[in-house]
Amino acid sequence: MTVITIPGRTDHVVVVGAGLSGLSAALHLLGAGRRVTVVERDALPGGRAGLLERGGFRIDTGPTVLTMPDLVEDAFAAVGARMADRLELIRLDPAYRARFADGSQLDVHTDGAAMEAAVEQFAGARQAVGYRRLRRWLERLYRVQMRRFIDANFDSPLQLLHPDLARLAALGGFGRLDARIGRFVSDERLRRVFSFQALYAGVPPARALAAYAVIAYMDTVAGVYFPRGGMHALPTAMARAAEDAGGTFRYGRTVTRLERSGDRITAVVTDRERIPCDAVVLTPDLPVAYRLLGRAPRRPLPLKHSPSAVILHAGTDRTWPDLAHHTISFGAAWKSTFRQLTRTGELMSDPSLLITRPTATDPALAPPGSHLHYVLAPCPNTTIGPGTREWKELGPRYRDELLGWLERREMPGLGAAIEQEGLVTPLDWADQGHAAGTPFAVAHTFPQTGPFRPRNLVRGTANAVLAGCGTTPGVGVPTVLISGKLAARRITGPPAAPSRRTRGTAV
């Protein structure tokens, strides 16, 4: 089935937003010979993957987990660049350290033999055999999904009618995630390690499709990485590669409106200038993009958004060596935690937290002798939980609650050790333009997945394409990079197949 592409002239494309999706789109467009101008409201590239410099600490304000570096390599390769020449990636081992309320802990290795041995020591030989089977299942699940259902533009649900759909069904992809994981490993702690990733998709493991175990593949099989210089080094390197390939960047510009002639955008207008264009890639959150376009698609049901998060950035004069680069501190509660986050709208009564210690891998991110910690506490979005006004007063109180939890668990004495700190709540996400006060966008419920997710084309506008976590294929660094590539393909068409003369040869 032919995928719809933008008709007419597309020589000059304006990309609105220099986040990861916009930078990916820019690189793929430049590689296809388009002239590209990127407009960004901030002074630096990155978008959600921003940077805060405070008291000698270099604080990543967005994602802290990087998987699937081949997608980053793909973006650089579009303009003939090599990732290794521009970005140093450090593979993390363990990828995570999981700590449980009963005092046990498990280092999650992405090497199969190392993880099998760790599981056997942690939970016994039967669970290790189950892990081996689970790993094979995750690998098969990923192979079936990636090309057909993730790295693909959808124009109709009919595109799902492919043999890969039957293969996905045969693998149990349309069952429930937690139950499917439980077929391989019965230890509840192990089930958490391989299903907590459903929270990225905004759905509890008990209700998420088993197909979303593909996120666990990315985290626990493909490997977790960290860029030297912090996560912000990734958008910085991508922006420089785009500039070297001829792209133009306009920082510190806010897009105020789009000029139209009929169904085509003819210019992007910022608070400083008017930029004529032949096509536009819009990467802001969906409500902002739809407002600029002056129209939104009709849906039978309103969009449901993922849970949000409170983030505590803490620059400290000491660290806690038992913490890995990434530590997941699981509370005793599990099902009730997801019920609070997605249904009742309550703050977690027994929180599970992601603690990232980037200075464990790159000490240069903090002043000599100091350390940097990033604590992510999932919380309800502002549609079902406390609203933005409530967070003005709730934020400081919740910060104190978080400190209490952390000091009782992994980080005793944290409060007294803090030299610099920052707190981000749903109020801040809302102020940045994120719907429902969440940076994780539209949840991956079944009616909001694949061809049912908000499309990257909007009816009534012939030459505008959307990119980012709110559209195809979804939330997460890998999928956002793919969304930029898919947006570029709407403009350039699919890449040309290699000729018989060059197919299978190194060029």
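1. Three strands make up an open sheet, in the order E5-E9-E6, with antiparallel pairing. The edges are strand E5 (66-67) and strand E6 (89-91), and each of these pairs on one side only. E5 is joined to strand E9 (residues 224-227) by two bridges, and the two run antiparallel. Leu66 has Tyr225 in E9 as its bridge partner. The model under discussion is a predicted one.

2. Some figures for the chain as a whole. The chain holds 17 helices and 20 strands. Its radius of gyration is 22 Å, close to the 23 Å that the globule rule gives for 507 residues, so the chain is as compact as a globular protein of that length. The C-alpha trace spans about 65 × 50 × 50 Å along the principal axes of the chain. Of the 507 residues, 59% are buried.

3. Contacts, surface and charge come next. If we take the contacts between residues at least 6 apart in sequence, 72% of them join residues at least 24 apart. The accessible surface is about 20900 Å², and carbon and sulfur atoms account for 50% of that surface. There are 63 positive and 47 negative side chains in the chain. The centres of these two sets are 9 Å apart.

4. Which way do its residues point? Tyr96 and Ala98 point one way from the strand, Arg97 and Arg99 point the other way, and all are buried.

5. E7 has two strand partners to look at here. With strand E8 (residues 105-108) it runs antiparallel, and four bridges join them. One of the pairs is Ala98 with Leu106 in E8. E7 and E8 form a hairpin with five residues between the strands, where Gly103 has a positive phi near 95°. With strand E16 (residues 326-329), E7 runs parallel, and three bridges join the two. Arg99 has Ser329 in E16 as its bridge partner.

6. Is strand E12 (residues 264-270) enclosed or open? Five of its seven residues are buried, so E12 is largely enclosed by the rest of the structure. For this count, a residue is buried if its relative accessible area is under 20%.

7. Strand E11 (residues 255-261) is joined to E12 by six bridges, and the two run antiparallel. Ser261 has Arg264 in E12 as its bridge partner. The hairpin of E11 and E12 has two residues between the strands, and Gly262 takes a positive phi near 65° in it. Strand E13 (residues 274-276) also runs antiparallel to E12, with three bridges between them. Ala267 stands opposite Pro276 in E13. The hairpin of E12 and E13 has three residues between the strands.

8. Most residues other than glycine have a negative phi, and most peptide bonds are trans. The bond from Asp93 to Pro94 is cis, with omega near 5°, and Pro94 is in the loop between E6 and E7. The bond from Thr472 to Pro473 is also cis, with omega near -5°. Pro473 sits in the loop between strand E20 (464-466) and helix H17 (477-492).

9. Met68 is buried, with a relative accessible area of 5%. Ala441 has phi near 60° and is in the loop between helix H16 (426-431) and E20. Ala441 is buried as well, at a relative accessible area of 1%.

10. Gln340 lies in helix H13 (residues 335-344) and counts as buried at 10% relative accessibility. Leaving aside neighbours within four places in sequence, its contacts include Gly345, Met348 and Pro380. Pro412 lies in the loop between helix H14 (388-408) and helix H15 (414-417). Pro412 is partly exposed, with a relative accessible area of 44%. With neighbours within four places again left aside, Pro412 is in contact with Arg318, Trp320, Leu406 and Glu407. The C-alpha atoms of Pro412 and Gly175 are 41 Å apart, and these residues are 237 residues apart along the chain.

Methods: Residues numbered from 1 in each chain as written. Predicted model: local features only at pLDDT ≥ 70, side-chain atom pairs only at ≥ 80, totals over all residues. Heavy atoms only, no water. Rg over C-alpha atoms; globule rule 2.2 N^0.38 Å. Buried < 20%, exposed > 50% of the residue type's maximum accessible area, 1.4 Å probe, protein only. Contact = heavy atoms within 4.5 Å. Areas by Shrake-Rupley, 256 points an atom, 1.4 Å probe, with all protein chains shown as cover. Lys, Arg positive; Asp, Glu negative; His and termini not counted. Charge placed at Lys NZ, Arg CZ, Asp CG, Glu CD. Pairing = 2+ DSSP bridges.
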